[in-house]
Amino acid sequence: MTTDEKYIRRCIELASNGLCNAAPNPMVGAVIVHNGKIIGEGYHAKCGEGHAEVNAIRSVKDETLLKETTIYVSLEPCSHYGKTPPCADLIISKGIPRVVVGCIDPFSQVSGRGIRKLREAGIDVTVGVLEEECKNLIRRFVTFNTQKRPYITLKWAESADGYIDINRENGSPVVLSTPVTSMYVHKQRAEHKAILVGRRTALLDNPSLTTRNWYGKNPLRLVIDRNLTLPAELKLFDHSTPTMVFTEKQKNSEDNLEYVALDFSKDILPQICTVLYDRKIQSLLVEGGTTLLQSFIDSELWDEIFVEHSEKVLYEGVKSPIIPKGTIFKTVFRDKICVSHYIH
């Protein structure tokens, strides 16, 4: 590993801390090095607040050293005025002589402009260090801005013989997760801006769709209820958390409960994606049921899939969704439970 790679890797580690709150901005990390020693670090913690470069520079105790440093940034410094001033201008004003960038910003208002501004100011700029890893870090941001839809993650737990639940019209669902993997699901919820379930899942499971077992903000809750037949007593309608109902009916919104009319004579998934894109919802977690999950897979509207494999055998019930053969995946273990992670 080269010296530049070492510090860009540290930038990636720092940037990951912004996963829950940086959106719709990208996650970015920055490291300032003087004579082989890190003297400043920072990451973009929350949209509307200081960018990674700003926070890293602020953390340097002796700013006179900046004229002899290299600043490492996982993503190209911005060159435009948004909610904060351009980071490229800040770097220039501080007299930092060298900048190492992980990857170019895909956002049209920046893409290459920040690097060009730095070079025109006489700064030595290196671009493309651990480029693929830095691009992967901002994959949600890239998908949102290039495909004009949220980054979509599907997840479910299935039995050893490929079922996600027993056949039922009432009663509690079969528990296929462990306490640890259940906690991880709540972590995933905290890392997404919205969470979606279908009508049948809402009715039979009566989920809260909150992050009560993990620290973090509750995602926007979404449910599909074409004819508005779901009981008002469901946890989704407790007004505790912002909730959106997709329906074909017209109904006035209430406190923390919004009704959005869709055209059900057409495919509703692109319509849902458009609604979320317009609301700047950058990431969506889909938790079920099988029909809804399969519709996302069949429409190729997904970016990641997490499948938790239980050792329980159900023998019959609701079959789990079918993932296309040849889809790339890796296997991880959580609390001795095998989880397959598919990447589109």
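The side chain of Thr210 makes a polar contact with the side chain of Arg212, at 3.1 Å. A polar contact here is a pair of N or O atoms within 3.5 Å; within protein, one must be able to donate a hydrogen and the other to accept it, and residues adjacent in sequence count only if both atoms are side-chain atoms. This is a predicted model, in which local features need pLDDT of at least 70 and side-chain atom pairs count only at pLDDT 80 or more, while totals for chains, interfaces and linings use all residues. Residues are numbered from 1 along each chain as its sequence is written, and side-chain values use heavy atoms, with hydrogens and water left out.

**Around Thr210**
- Thr210 sits in the loop between helix 8 (199-205) and strand 9 (220-224); helices (H or I, at least four residues) and strands (E, at least two) are DSSP runs, numbered from the N terminus.
- Thr210 counts as buried, at 11% relative accessibility; buried means under 20% relative accessible area, exposed over 50%, and partly exposed in between (1.4 Å probe, protein chains only).
- Leaving aside neighbours within four places in sequence, Thr210 is in contact with His186, Arg189, Asn218, Arg221 and Thr241, where contact means heavy atoms within 4.5 Å.

**Helix 7**
- Helix 7 (residues 179-190) has twelve residues and reaches 17 Å from its first C-alpha to its last, close to the expected 16 Å; the expected span is 1.5 Å times one less than the number of residues.
- Its buried residues are Thr181, Val185, His186, Gln188, Arg189 and Ala190.
- The cover over these buried residues includes strand 6 (151-158), strand 8 (194-197), strand 12 (283-288), strand 13 (304-309), strand 15 (329-334) and strand 16 (337-343).

**Nonpolar cores**
- The largest nonpolar core has 39 residues, and Ile8, Tyr72 and Val99 have the most contacts inside it; such a core is a set of buried Ala, Val, Leu, Ile, Met, Phe, Trp, Tyr and Cys residues joined through side-chain atoms within 4.5 Å.
- Elements giving two or more residues to this core include helix 1, strand 1, strand 3 (70-75) and strand 4 (98-103).
- Helix 1 gives the most to this core, with six residues.
- Not counting residues up to four places away in sequence, Ile8 touches Tyr72, Val73, Val100, Val101, Gly102, Val129, Leu130 and Cys134.
- Apart from this core lies another, of 33 residues, among them Leu154, Ile272, Phe296 and Ile323.
- In soluble globular proteins, nonpolar side chains tend to be buried together.

**Ile305 in strand 13**
- Ile305 belongs to strand 13 and is buried, with a relative accessible area of 0%.
- Leaving aside neighbours within four places in sequence, Ile305 is in contact with Leu154, Trp156, Ile297, Ile323, Ser340, His341 and Tyr342.
- Ile305 and Val286 are 19 residues apart along the chain, and 9.4 Å separates their C-alpha atoms.

**Helix 4**
- Gly114, Ile115 and Leu118 are the buried residues of helix 4.
- Seen down the helix axis, these buried residues fall within an arc of 100 degrees, so they line one face of helix 4; the arc is that of the directions from the helix axis to the C-beta atoms.
- Helix 3, strand 4 and strand 5 (124-127) are among what covers them.
- Just after helix 4, Gly122 takes a positive phi of about 90 degrees.

**Cysteines**
- The structure holds zero disulfides; a disulfide is a pair of cysteine sulfur atoms within 2.5 Å.
- Cys11 is in no disulfide, and the nearest cysteine sulfur, that of Cys134, is 7.5 Å away.
- Cys78 is in no disulfide either, and the nearest cysteine sulfur, that of Cys87, is 3.8 Å away.
- Cys11 is buried at 0% relative accessibility, and Cys78 is buried at 7%.

**Backbone points to check**
- The peptide bond from Ala23 to Pro24 is cis, with omega near 10 degrees, and Pro24 lies in the loop between helix 1 (3-15) and strand 1 (29-34).
- The peptide bond from Gly288 to Gly289 is also cis, with omega near 5 degrees; Gly289 lies in the loop between strand 12 and helix 10 (290-298).
- Asn35 is not a glycine, yet has a positive phi of about 50 degrees; Asn35 is exposed, with a relative accessible area of 70%.
- Lys148 has a positive phi near 55 degrees and counts as partly exposed at 45% relative accessibility.
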